[in-house]
Amino acid sequence: MQAKTSLDIIQNTFQTDIAKHGKLQEFSKGEVIFSAEEMMKKFFFVFTGRIKVSQLNFLDGKEQILKILAKGDMYDTITLLDGKIHNNILLALDKVQVLVLPIEVIRKWITSNSRFNTYLFSYVSQQFRDIEELALDMSFYRTSERLIKLISKNIDENDLSKLHLIHDLSHEDLASLIGTVRKVVNRHIQNLKDDGLIEINHKNIKIKDKQKLLDRLPIM
């Protein structure tokens, strides 16, 4: 619902600005999507595909994935609000389409359209909550529990055997999402397979027993 709302707002409310300033751009799987310097002047909405947003420690090469953007997500709300460079790395996980506009156009929307303004701040607050949850999870929960939480959050409600967003990610990316390393994730995924909770089919994770998987979630 949230994703649909954001796209509805920009397409139905800002048709003139989109026609004048907007540009639909495509990126191939594995392609870097804009630099931090470019995002000082740009703002985009995701139309199709997934984008990995991460930070990289250049000393040891360790990656921390902060978020996976999908249809309806917007970027970069941080630079939009504070005007400072935001050194994230954006990588297309699929073929991606984004609607790009000058960041100053979006700032105009904030002051001129209360509906967009309300939605934007609701969206930003949810991003803060997600980052807070990640920090707390890494402090309070074991790696195996963090993995189960990640899987359970991405169960497709229309098909309980499937996952969305993370279904085909590499074990290395799954590890980066929960703050660990690939070999640890490999071990925990194998345990879930051995226990009959998931299966791996052509690198895709599928849920075999949702309830037993959820029963392993830590008590909040």
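**A close look at the salt bridges**

Mentor: The count comes to 13 salt bridges, where a salt bridge is a side-chain nitrogen of Lys or Arg within 4 Å of a carboxyl oxygen of Asp or Glu. Keep in mind that this is a predicted model, in which local features need pLDDT of at least 70 and side-chain atom pairs count only at pLDDT 80 or more, while totals for chains, interfaces and linings use all residues. Residues are numbered from 1 along each chain as its sequence is written, and side-chain values use heavy atoms, with hydrogens and water left out. As a general point, side chains of opposite charge can pair when their charged atoms come close.

Let us begin with R50 and D94, whose side chains meet in a salt bridge at 2.7 Å, N to O. R50 lies in the loop between β2 and β3 (51-56), and D94 in the loop between β6 (89-92) and β7, so this pair ties together parts that are 44 residues apart in sequence; the helices (H or I, at least four residues) and strands (E, at least two) are DSSP runs, numbered from the N terminus. R50 is buried, with a relative accessible area of 7%, whereas D94 is partly exposed at 21%; here buried means under 20% relative accessible area, exposed over 50%, and partly exposed in between, using a 1.4 Å probe and protein chains only.

Next comes K52, which takes part in a salt bridge with E63 at 3.3 Å, N to O. Because E63 lies in strand β4 (residues 63-69) and K52 in strand β3, the pair ties together parts that are 11 residues apart in sequence, and both E63 and K52 are buried. The side chain of K52 also meets that of D173 in a salt bridge, at 3.2 Å, N to O. D173 lies in helix α7 (residues 171-178) and K52 in strand β3, so this second pair ties together parts that are 121 residues apart in sequence. K52 counts as buried at 7% relative accessibility, and D173 likewise counts as buried, at 11%.

Finally, look at E133, D137, K149 and K153, which are linked in a network of salt bridges. To place D137 in space, compare it with T118, a residue of helix α5 (residues 114-140): T118 and D137 are 19 residues apart in sequence and 29 Å apart in space, C-alpha to C-alpha. T118 itself counts as exposed, at 56% relative accessibility.
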